[in-house]
Every structure is written in C-alpha cells, then in structure tokens.
Amino acid sequence: MADRTSGTAVCPGSYDPVTLGHIDIITRTAEVFDNVIVGVVDQPVRKQKTVFTAEQRVEFIQAEVASLGNVEVKAFHNLLVEFARENGAKTIVKGLRAISDFEYEFEMNQLNRKMAPDIESTYLMAAPQFSFLSSSGVKELAMFGGDLTGLVPAPVASRLQEALER
Ligand code: PNS
C-alpha cells in the first residue's frame with residue numbers, strides 16, 4: 001500500500017467570536033492532520049451582522065493557535081468547498097456538540113458532497129466541558145455582564161464585553 005499522510009484539513013466557521021470549544025477542535029485536528037487551515041467566513045451566514053470583523057476574528061484565533069506549528073488562519077468569502085480546494089484540502093473538519101447540531105450539519109454535508117464529492121467532511125465530538133458552549137450563548141452572557149472565564153480566550157472576553165456593553 002502506498003504511503004499516505006493525512007494531508008490538509010479545513011476547520012471552517014463564523015467564529016464570532018472563537019470559543020474555547022472551537023480552539024479544542026482546532027487543536028485536536030492539528031494533532032491528526034499535517035496542516036490545518038482555519039477558515040473564517042467573511043459573510044453573514046444564516047445570522048445577522050457579526051460583532052467582530054473577519055480580520056478581528058482571524059486575529060483572535062491566530063493568537064490562540066500561534067504555538068501550534070501547523071495551523072494557518074484565513075478569512076474566506078466563497079463556497080467552503082472552493083476554499084478547501086484553493087488550499088489543497090481534501091477534508092473539512094467540524095465539531096459536533098449535541099443532536100441539535102446534527103440536522104444542520106447533515107444538510108451542509110449533503111450540499112457540499114453534491115458540489116464536491118472529492119472533499120470529505122468529518123466530525124469531532126465536542127469535549128464534554130464544551131458541549132454546551134456556543135458563540136451565540138457567549139454573546140448573550142456578555143450582553144448581560146456574565147462571566148466569560150473558561151468559555152472564550154481572555155482577550156476575546158474583554159473585547160466582547162466592551163463591544164456588547166456599549
Ligand atoms: O456554524 P457556522 O460557524 O456559522 O458555519 C459556517 C460554515 C461556513 C461552516 C457553514 O455555513 C457551512 O458549512 N457552509 C457550507 C456551505 C457554504 O459553502 N456556504 C458559503 C460559506 S461563505
């Protein structure tokens with residue numbers, strides 16, 4: 001059998017803002033794949049306007065993954081499968097928290113597969129301590145002055161409080 005390496009994977013998302021759950025998925029992906037490209041969607045997908053610009057969201061993630069030698073962070077505004085192709089990635093990796101994530105991810109999986117059968121999507125189960133954690137939940141806490149310790153990176157927590165308390 002020919003030698004195979006696990007190649008390049010894309011971890012896509014809105015990351016508005018990145019949570020410690022996202023960082024856990026990115027870190028675990030970086031342990032399995034040779035290279036990881038974190039793709040930050042530079043378009044409002046399903047949701048209203050983002051709190052942070054794509055550039056800010058990229059910077060927040062870069063600061064957290066700087067010590068991992070094989071992770072790059074980039075914004076993208078085209079189709080996810082096109083972004084994956086442009087970056088030589090044959091795999092998309094996403095985190096799954098609860099059954100509630102499944103329906104949406106299943107739909108995205110079918111659409112992406114139809115457009116690009118050569119690109120496989122795979123899913124990592126969220127670690128139990130992050131299975132309740134979402135960017136939208138964090139924003140709601142921040143709006144009401146809730147404690148974000150252990151949910152998002154510390155620099156993100158203060159920037160989010162600033163942005164949403166205004
Ligand atoms: O849950 P998220 O973080 O908002 O997910 C964003 C993303 C891009 C991962 C999700 O919308 C997806 O899987 N989209 C696939 C379809 C596609 O390519 N849409 C255009 C992205 S700009």
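**Rings, a loop and a cavity**

Let's start with phenylalanine 52. Its relative accessibility is 3%, so phenylalanine 52 counts as buried. Before I go on, a reminder: this is a predicted model.

Phenylalanine 52 has a partner, phenylalanine 60. Together they make an aromatic pair. The geometry is edge-to-face. The ring centres are 5.0 Å apart, and the planes stand at 85 degrees.

Now a second pair. Phenylalanine 76 and phenylalanine 83 are stacked. Here the centres are 4.5 Å apart, with 20 degrees between the planes. Phenylalanine 76 is at 6% relative accessibility, so it counts as buried. Phenylalanine 83 is buried too, with a relative accessible area of 3%. In total, the structure holds three aromatic pairs. I've shown you two of them, phenylalanine 52 with phenylalanine 60, and phenylalanine 76 with phenylalanine 83.

Next, the backbone. Please look at the loop between strand E1, residues 8-13, and helix H1, residues 20-32. Proline 17 sits in that loop. The peptide bond that joins aspartate 16 to proline 17 is cis. Its omega is about 0 degrees.

Tyrosine 15 is in the loop between E1 and H1 as well. Its phi is near 50 degrees. That is a positive value, in a residue other than glycine. Why point out these two spots? Because most residues other than glycine have a negative phi, and most peptide bonds are trans. Is tyrosine 15 buried or exposed? It counts as buried, because its relative accessibility is 5%.

Last stop, the cavity. How many cavities of 30 Å³ or more does the structure hold? One. The largest cavity has a volume of about 40 Å³.

Who lines it? Val81, Ile92, Asn109, Asn112, Arg113, Ala116, Ile119, Glu120 and Ser121. By type, that lining divides into four nonpolar, three polar and two charged residues. Arg113 and Glu120 are among the lining residues, and both residue types count as charged.

Which elements supply at least two lining residues each? Helix H4, residues 99-115, and strand E5, residues 120-125. H4 gives the most, with three residues.

The edge-to-face pair of phenylalanine 52 and phenylalanine 60. The cis bond between aspartate 16 and proline 17. And the largest cavity, with H4 as the top contributor to its lining.

Terms used:
Residues are numbered from 1 along each chain as its sequence is written. This is a predicted model: local features need pLDDT of at least 70, side-chain atom pairs count only at pLDDT 80 or more; totals for chains, interfaces and linings use all residues. Side-chain values use heavy atoms; hydrogens and water are left out. On a 1 Å grid over the protein atoms alone, a cavity is a set of points where a 1.4 Å probe fits but cannot get out, and a pocket is an open set with protein on both sides within 12 Å along at least five of seven lines; lining residues have an atom within 4 Å of a point. Grid points are joined across faces, edges and corners, and a volume is the space filled by probe spheres set on the points. Helices (H or I, at least four residues) and strands (E, at least two) are DSSP runs, numbered from the N terminus. Rings of Phe, Tyr and Trp (its six-membered ring) pair if their centres lie within 6.5 Å; planes under 30 degrees apart count as stacked, over 60 as edge-to-face and the rest as tilted. Buried means under 20% relative accessible area, exposed over 50%, partly exposed in between (1.4 Å probe, protein chains only).
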